[in-house]
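Here's a quick briefing to keep beside you while you look at the model. Have the viewer open and follow along.

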Amino acid sequence: MRSVIFCRRTIKELLRDPLNYIFCLGFPLVMLVIMTIVDRSIPKEAGMVLFHIQSLAPGIALFGLTFVMLFTCLQVSKDRAGAFLMRLYASPMQAIDFISGYTMPLMIISILQIAIAFVASIMIGRATGYVFQPVNVLLCILVLLPSALMFIAFGMFFGTLLNDKAAPGICSIIISAASMLGGVWMDVDAIGGTFGKVCRALPFYHGVNAARLALQGRYDDLGKPLLIILIYAITIYFVSAILFKWKMQSDLK
Amino acid sequence: MAQAIVIKNLRKEYGSKVAVKDISLRVEEGKIFSLLGVNGAGKTTTIRVLTGLSRPTDGEVRIFDKDLKSELQEIKKLCNLSPQETAIAPNLTVKENLEFIAEIYGFSRSKAIEKVRQIIEDFSLQEVEDNKAKTLSGGWQRRLSIAMALVTEPKLLFLDEPTLGLDVLARRELWRSIEKLKGRVTIVLTTHYMEEAESLSDSIAVMVKGEIKAQGSVEELKLQTGKDNLEDAFIAIAE
Ligand SMILES: Nc1ncnc2c1ncn2[C@@H]1O[C@H](COP(=O)(O)OP(=O)(O)O)[C@@H](O)[C@H]1O
Ligand SMILES: [Mg+2]
């Protein structure tokens with residue numbers, strides 16, 4: 001119950017910060033439009049499918065989630081910076097109330113954000129002649145949830161460790177890494193060697209890949225990347241929850 | 001008379017620094033108890049330990065006959081605190097801040113709304129009730145921060161330098177609010193203002209460099225030192 005009350009508070013804090021709208025909604029939508037224009041200007045003969053809307057949409061959705069990470073991180077570090085935390089620590093709030101009270105609202109925001117990215121993508125699809133299958137869109141949204149959880153966990157992790165000055169820097173590294181190495185902006189499948197291995201060792205590529213396969217209805221290939229991203233998400237989430245709990249105990253030394 | 005707080009040989013060290021040096025205290029239920037001391041005396045550290053924000057290095061604390069170490073979660077539900085620094089959620093309105101805290105302490109939604117209405121009146125917060133906390137002036141934020149400690153109807157209330165940063169009028173108004181609670185709520189407040197301790201407290205402990213140097217009512221402290229006002233008594237004790 002306390003976690004639901006804390007969740008309501010966190011939602012209010014997040015929705016009242018205009019930066020959240022600019023980055024969580026505005027920026028991904030702008031990139032969606034820009035990359036569609038880029039896609040239209042690449043000659044057909046080049047055989048470049050990465051920025052076709054059916055491949056771009058899941059990538060943009062995941063790109064948007066990296067900003068949810070940034071805002072998780074900022075919210076947690078801001079909460080930790082002020083005396084307000086002392087008040088919460090002195091209250092009956094326990095670590096689990098904090099952790100679930102951060103996770104729930106940010107999952108809701110993630111789902112909203114993914115949905116909005118898809119509404120925009122479907123409209124772009126209309127204009128460019130690609131028809132989205134509703135079932136696959138829903139499946140894709142589901143398949144993106146482990147990634148959402150993972151980015152929230154990253155946000156909690158760095159928000160617990162860093163102050164709100166250092167947090168944006170670290171987060172922007174992960175935002176770049178996740179979108180580049182995850183294959184949102186480049187074709188990781190075409191990359192071999194050590195660099196390709198690094199991309200495939202990180203969770204982001206599998207999150208993007210699973211989302212694309214889901215959207216394109218390639219159910220047979222979906223299992224493996226989905227399992228990988230799921231394991232990553234759960235592991236990272238537990239690590240960050242344990243870190244939060246440990247940090248709370250050490251704050252109260 | 002039942003004891004709200006019983007402290008035996010409480011000690012708190014930060015590394016080699018001893019912030020609280022084996023203090024022993026009793027606070028009776030329903031009384032206003034002041035910890036009086038200059039900056040760095042160890043008042044905040046004592047409050048932090050009593051509210052579970054800091055673990056004692058040594059000693060025993062019982063609050064409402066519950067052990068601080070093993071029954072902290074139960075104790076927390078009965079207490080509330082106004083920290084030395086103003087502690088509010090910046091993007092919530094005054095009303096939302098108060099409702100949030102009331103609900104965190106287990107009030108139902110409807111009970112919280114009712115209680116908040118009353119507290120807003122008690123603290124004359126009507127004119128700012130729908131303003132975001134971060135837009136308020138320092139004095140208003142302070143009042144909100146203290147109101148947030150009272151809204152949960154604690155049996156035991158900790159006020160760490162409650163009037164810090166308040167102007168004379170707001171200070172007097174807060175004193176009146178505190179006096180209204182007399183008898184119903186046990187209050188531990190810290191201050192370095194003599195007149196504050198004098199006008200509010202049933203009992204005072206003078207804290208100097210982590211130690212309790214003297215304890216008693218204002219009259220008893222004056223008697224003990226042979227001085228005729230609290231300030232002179234304090235100086236005699238502290239030197
Ligand atoms: N977290 C801490 N780490 C190290 N020393 C501390 C810490 N908190 C307080 N102290 C020291 O303990 C002493 C008592 O501080 P405090 O309880 O804040 O005093 P007061 O509230 O009476 O002004 C001071 O010397 C202060 O520097
Ligand atoms: Mg202090």
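A:Phe27 is partly exposed, with a relative accessible area of 33% (buried means under 20%, exposed over 50%, partly exposed in between, with a 1.4 Å probe and protein chains only). This is a predicted model, so to speak of local features takes pLDDT of at least 70 and side-chain atom pairs count only at pLDDT 80 or more, while totals for chains, interfaces and linings use all residues. Residues are numbered from 1 along each chain as its sequence is written, chains are lettered from A in the order in which they are written, and side-chain values use heavy atoms, leaving out hydrogens and water.

**The patch on chain A**
- A:Phe27 sits in helix 2 (residues 18-41) of chain A; helices are DSSP runs of H or I, at least four residues, and strands are runs of E, at least two, numbered from the N terminus.
- A:Phe27 also belongs to a nonpolar surface patch of about 540 Å², along with A:Leu19, A:Ile22, A:Phe23, A:Val30, A:Ile34 and A:Val38.
- Patch residues have over 30% relative accessible area and no salt bridge, with nonpolar side chains joined within 5 Å and like charges within 9 Å.

**Where the chains meet**
- Chain B puts 34 residues into the contact and chain A puts in 23 (contact means heavy atoms within 4.5 Å).
- About 2,600 Å² is buried between chain B and chain A, and carbon and sulfur atoms give 57% of that; buried area is the accessible area (1.4 Å probe) lost on putting two parts together, summed over both.
- B:Leu53, B:Phe100 and B:Ile104 supply 23% of what chain B buries against chain A, more than any other three residues.
- There are 3 salt bridges between chain B and chain A, meaning a side-chain nitrogen of Lys or Arg within 4 Å of a carboxyl oxygen of Asp or Glu.
- B:Glu96 and A:Arg16 pair up in a salt bridge at 2.7 Å, N to O.
- Helix 3 of chain B gives the most to the side touching chain A, with 6 residues.

**Salt bridges to click on**
- Over all chains, the count is 27 salt bridges.
- A:Arg8, B:Glu99, B:Glu103 and B:Arg109 are linked in a salt-bridge network.
- B:Glu129 and B:Arg117 form a salt bridge with their closest N and O atoms 3.5 Å apart.
- That pair links distant parts of the chain, 12 residues apart: B:Glu129 is in the loop between helix 4 (109-122) and helix 5, and B:Arg117 is in helix 4 of chain B.

Technical notes: Areas by Shrake-Rupley, 256 points an atom, 1.4 Å probe, with all protein chains shown as cover.
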